[in-house]
Amino acid sequence: MIKTSISSMETELLETIDLIQTIESNIDEYKEKLLQTKDNNGKQLAILQEKIDTIGDKVSEKNGERENVTTEISRQIFSVYDRVRKGKGGSAVVPVKSRACGACFKALTPKKVQEIRKAVKILTCDNCGRLLYWDADISA
Ligand SMILES: [Zn+2]
């Protein structure tokens with residue numbers, strides 16, 4: 001009776017040792033997988049960071065270009081342009097259409113139409129403030 005019991009306990013002990021060994025080998029496998037995942041994630045993160053940096057560079061490059069262009073255009077014209085762009089959205093510069101502003105359709109005086117046509121100076125719409133220009137295909 002005792003012998004049988006001991007034998008059964010021995011069997012159980014062996015099984016338990018077996019199980020522990022399996023778990024230990026699994027742990028090693030998981031450790032390796034974890035390291036691989038960390039490594040892969042690290043590489044992907046590095047690639048993403050590089051892309052983000054590149055985009056950041058392009059944005060600041062474009063901002064620089066925009067500033068350069070801005071200083072080339074006279075301050076007065078740009079302030080009109082910037083105000084309209086921020087305030088109205090969409091195009092700040094619109095062509096004359098049927099002797100009216102191409103955006104808000106406010107009629108223009110014949111004198112103003114002539115001035116815009118001859119491109120004597122930069123003119124703005126009295127109503128919406130957009131910059132107006134003459135486009136032979138649209139305005140005529
Ligand atoms: Zn207008």
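Two strands count as paired if DSSP finds at least two bridges between them. On that basis, Val94 stands opposite Leu132 in strand β4. The model described here is predicted. Its chain averages a pLDDT of 86, and 96% of the residues score at least 70. Confidence is lowest in helix α2 (residues 75-88), where the mean is 74. Confidence is highest in β2, at 94.

The chain contains four helices and four strands. Along the sequence, these elements follow the pattern α-α-β-β-α-β-β-α. The radius of gyration is 38 Å, whereas the globule rule gives 14 Å for 140 residues. The chain is therefore more spread out than a compact globule. Its C-alpha atoms fill a box of roughly 120 × 30 × 25 Å along the principal axes. Of the 140 residues, 8% count as buried. Contacts were also examined between residues at least 6 apart in sequence; 47% of these join residues at least 24 apart.

Helix α1 covers residues 2-72. At 1.5 Å a residue, its 71 residues should span 105 Å. The end C-alpha atoms of α1 are 102 Å apart, which agrees with that expectation. The helix is hardly covered. Among its 71 residues, the count of buried residues is zero.

The four strands form an open sheet. Their order is β2-β1-β4-β3, and the pairing is mixed. Strands β2 and β3 (123-124) stand at the edges, each with a single partner strand. One side of each edge strand is therefore left without a neighbour in the sheet. In general, strands of a sheet pair through backbone hydrogen bonds, either parallel or antiparallel.

Both senses of pairing involve β1. Strand β1 (residues 93-97) pairs with β4 (residues 131-133) in the parallel sense, over three bridges. Within this pair, Val93 has Leu131 as its bridge partner, and Val94 faces Leu132. With β2 (residues 100-101), strand β1 pairs in the antiparallel sense, over two bridges. Here Lys97 stands opposite Ala100. The strands β1 and β2 form a hairpin with two residues between them. In the turn, Ser98 has a positive phi of about 50 degrees.

The largest nonpolar core has eight residues. Its members are Val94, Val96, Cys101, Ala103, Leu108, Ile116, Cys125 and Leu132. Nonpolar side chains tend to be buried together in soluble globular proteins. Leu132 touches several residues beyond its neighbours within four places in sequence. These contacts are Val94, Val96, Cys101, Ile116, Leu123, Thr124 and Cys125.

A contrasting site lies in the loop between β2 and α3 (110-118), where Thr109 is found. Thr109 and Arg99 are 10 residues apart along the chain. Their C-alpha atoms are separated by 7.9 Å.

Definitions and conventions: Residues are numbered from 1 along each chain as its sequence is written. This is a predicted model: local features need pLDDT of at least 70, side-chain atom pairs count only at pLDDT 80 or more; totals for chains, interfaces and linings use all residues. pLDDT is the predictor's confidence in each residue, from 0 to 100. The radius of gyration is taken over C-alpha atoms; the globule rule is 2.2 Å times the number of residues to the power 0.38. A residue is buried if 20 or more other C-beta atoms lie within 10 Å of its own, exposed if 12 or fewer, and partly exposed in between; C-beta atoms are placed from the backbone. Two residues are in contact if their C-beta atoms, placed from the backbone, lie within 7 Å. A nonpolar core is a set of buried Ala, Val, Leu, Ile, Met, Phe, Trp, Tyr and Cys residues joined through C-beta atoms within 7 Å. The expected span of a helix is 1.5 Å times one less than its number of residues.
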